[in-house]
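Have the chain open in your viewer and follow along.

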Amino acid sequence: MLTKPLAKISIQSKSGESAFECSPGEPLLYAGLAQGLTLPYECATGTCGSCRGRVMSGEVENAWPQAPGATAAKLKADKGDVLLCQTHARSDCVVRVPANVVAATSPLPPPRRRAAGIALAKLLTGDVMHIELELAEPMSFEAGQFVVVEPPDVKGGRAYSMVNHGAALGRLSFVVKRKPGGGFSDWLFGRDVTGCELSLFGPLGRAVWRPSEDRDILAIAGGSGIAGMMAILEHATRAGHFARRRGDVFFGVRTSADTFYMDELADYVAQAGGNLAVTVALSHEPVADGVSQRGVRLAHGFVHEVARDAMRDRYGDLTAFLAGPTPMVDGAIRMLLTEARLTPDRIRYDKFA
């Protein structure tokens, strides 16, 4: 059987020229990242528009012409503008990228594709599921990173942060919220998917926590956005971070019936010796003052507003991590910039939507 040749992709960027090879059907972004280049991206799935580029020569195919990121980035298709995460090469290409593209310096191996199978799928609430994927090969990653999941028979990839953390893990945990009309969540929630095979690409994401950063931790998450925060708490707890530094976690859901991971959060609080506070904000359910469950405080209101009220005048030397619906993340960013006076490098988040 004849195999299609690899395409040579030449990148023109602010930092000079670089090149990589791309297999047929592989997104340009994934191929470049896998070969150690710092191509720009955030969601890696077509929703944010961060991985924009312009094809100067060569033939390409757009896997998702209606991608929201194309609108967000105001791409001009007639000028050759593309999203690298949705673009496949049909020939050798020259692509101009408005960013600095250099060789990556991370101590971890670059992201790549892995095969995985669903080992566990269990409901946490009526529309939230915990899943565990068994990897064909172990993966190391930083706390707060994510992978792009591509299930069979569902077009396109979805980005999900790992809930667990460790070195060379053979099993990854995720939390998935069902979205009305969502292709992947309908597939996941609509049948017994245990044993189904998936393709993963990763690890990805720069909204990570490292033990060498000796600062307090502030985490603000909405719904399934708590996933990456759980990985950060796991890493920070094992590293003994809360023996010398403080952590404040704010987790937003609609009602008490929508809560999950409450036991796990309570265990982190208990292990921190008083240096970790977790507050669950219920946006659509009143809560009496002072109510808590196993050391996890309950409050009423939108999570970024609850965080603002609780943290007022005591931000200190911290790094903030944000994840959740776009309005929540945007509100939290405004609050941290204007009230906490944090510099942008102390505010970390990934745009999934």
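Start with the open sheet: five strands lie in the order β2-β1-β7-β3-β5, and their pairing is mixed. Strands here are DSSP E runs of at least two residues, numbered from the N terminus, and two of them pair if DSSP finds at least two bridges between them. At the edges sit β2 (16-22) and β5 (81-83), each pairing on one side only. Ignoring direction, neighbouring strands of this sheet are turned by 35° against each other on average, with each axis being a line fitted to C-alpha atoms and angles running from 0 to 180 degrees between N-to-C directions.

A quick word on where this comes from: it's a predicted model, with local features needing pLDDT of at least 70 and side-chain atom pairs counting only at pLDDT 80 or more, while totals for chains, interfaces and linings use all residues. Residues are numbered from 1 along each chain as its sequence is written, and side-chain values use heavy atoms, leaving out hydrogens and water.

Back in that sheet, look at β3 (residues 52-57) and β7 (residues 93-96), which run antiparallel and are joined by three bridges. Across this pairing, arginine 54 stands opposite arginine 96 in β7.

Now move along to β8 (residues 112-125). It pairs with β9 (residues 128-139) in the antiparallel sense over eight bridges, and a hairpin of two residues links β8 to β9. Here alanine 116 stands opposite leucine 135 in β9. β8 also runs antiparallel to β13 (residues 197-204), joined to that strand by six bridges, and alanine 115 stands opposite serine 199 in β13.

Key. Helices (H or I, at least four residues) and strands (E, at least two) are DSSP runs, numbered from the N terminus.
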